[in-house]
Amino acid sequence: MDQKKVMRSHSSPWRGLAARRRWCQAAARPTTVLVIAVTVFAPLLLAVVLFGFRVTPSGANSTWVSAGVRVVLKAVSDQGTGGSSLATVPDPSDRLLGGLLSPDFDDSSCLSRYSAALYRRPSLHAISSYIVSALRRYESLHRRCGPGTPAYARAVELLRANASFATSSSSAASGGSCSYAVWTPIEGLGNRILSITSTFLYALLTDRVLLLHSSGDDLHGLFCEPFPGSTWILPAADKDNKDDFPIRGIEKLTDWWHHDSLGSVLRRGEDPGMAPWLYVHLRHDYTKDNRDQQFFCDDVQAKLRTVPWLVFRSDNYFVPGLFLMPRHEAELARMFPRRDVVFHHLGRYLFHPSNTVWGMVTRYHDSYFAKADERVGIQVRRFYWAPISTDDLFGQILNCTQREDILPGAAGGVPAAAKGSTAGGQPGKQKAVLVVSLHGEYSEKLRDLYHEHGAAGGEAVSVYQPTHLGSQRSGEQEHNQKALAEMVLLSFSDAVVTSPVSTFGYVGQGLAGLRPWVLTSPVNKKAPADTPCRRAATIEPCFHAPLDYDCRAKAKGDAGRRVRHIRHCGDFPRGVQLVE
């Protein structure tokens, strides 16, 4: 699509005071982290200089202090000596998103890569120069070690020989070999996107190469390749292929008690660093035994450095668990001076819809949303463990959107022909509502409401729903393509209402960079009338099954109470999420 045409079609959403106010509430203010650091921490720096204050890494309260003080003070010091800004908000016209995206791609190979940002509100979330440099270094590593390279062939040969770095030749110990994090799929597309992001961040922190394993067509045709000059797809099993992955039955790695899982090795009292490969079980049931949870402990991580291949299976966004590792805290603080934008940045870096999916997205957008003054996304998901009737849930959605001034109330009998103009005859605001749900009842009820009664204040409200598939079928390519198209459309919204605990909603809000209004979970099959929804504290997804093992105390512990920037989730109190 012509870029000028796209920009013209998106000029209209910037009109409208209410939309501007909601957008400003949803995103961070356009200030640099460095300015905040200098303003807030200058007195602290003075105290350090005058009184010789020391941070003791081994101290009981040093986990967040060391990340928050050491790194910020270093940033202030760097600026004082002529260093560059720690983090800045990208120019909205920058197609590379402030360096987040690599310029080393041909535009036609992936139409969405450099165009998707034109359809969204400009992100006001600062990007650090450190994460930009880290991504470029990773791309170089992936290009050197990815499938089809001599280094990858040597790594596969090492795996066939059943050797770890600790037991192989000195070339491995000297850094000549490559190590890998292999992701395997489980659950729906939202879970998969979040667990891929988590695995990638772990790979970024540990100098591993991320590879995706897929046993069928469930990932085929969904995403463009994110890394230039290489692929992130693990070569399919083929005995005639010298790069064939020698671990058979990888799709059957589902149980925490599997013989080659990290937890099993620790339970047997063996050294995990001697293994040629290990299965890292981080599914929702991994907390049954603290051995699997010890993946997040520094002493175990030190041993995993010599394991060439780690195979992950997770249905979790386990990024907050990485932020609990002292060995990575300084690196993560440099990458993400604001902790609440991890998925927003990495999601936009990794997940670019294929040309097929992007075609679905742009056709639907240009047909229904391009001329709207404001785009509202409503994501509806019902879970068996939180039952509520269709009528009650629709009433809750209506109560939330009207109470929070997201949608206007019904005009109370105004004929449909009178919609779309104010009392003075001026054209009213055009609001396009995207409803994404497996079922069509909610969009039908909302559409009928405004069609029959009109909208208060003379606004024109149009309601659309791309699909209503009835059930989730994660193993089907076409189903996943439609689901991804809806996630991307949801991320184009100016305001978002989501269902609690839904990974689909997490992806949409994260790509958009918006704090959503989250529908309150039902109690006794009814939505709380006084609080139909709450504004989320962060745009970050929730880690639904956080570790309850404290590595330092070697005992049970609450992951939501250890560091300042990790708190329990508002929509799922058992889980934890990154906050600022």
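A: Glutamine 379 sits opposite valine 436 in E8. That belongs to the pairing of strand E7 (residues 374-379) with E8, parallel over 6 bridges; two strands count as paired if DSSP finds at least two bridges between them. Strands (E, at least two residues) and helices (H or I, at least four) are DSSP runs, numbered from the N terminus. This is a predicted model, where local features need pLDDT of at least 70, side-chain atom pairs count only at pLDDT 80 or more, and totals for chains, interfaces and linings use all residues. Numbering starts from 1 along each chain as its sequence is written, and side-chain values use heavy atoms, leaving out hydrogens and water.

E8 also pairs with strand E9 (residues 460-464), again parallel, over 5 bridges, and there alanine 432 faces serine 462. Between E8 and E9 the chain passes through helix H17 (residues 441-453), a right-handed β-α-β crossover (clockwise from the first strand over the helix to the second, with the strands pointing away from the viewer).

As for E8 itself (residues 430-436), 6 of its 7 residues are buried, so the rest of the structure largely encloses it. Buried means under 20% relative accessible area, with a 1.4 Å probe and protein chains only.

Now the nonpolar cores: sets of buried Ala, Val, Leu, Ile, Met, Phe, Trp, Tyr and Cys joined through side-chain atoms within 4.5 Å. The largest has 123 residues, with Phe200 and Trp309 among those with the most contacts inside it. Helix H8 (residues 189-206) gives the most to this core, 10 residues. Apart from it lies another core of 25 residues, including Ile378 and Trp517.

Technical notes. Buried < 20%, exposed > 50% of the residue type's maximum accessible area, 1.4 Å probe, protein only.
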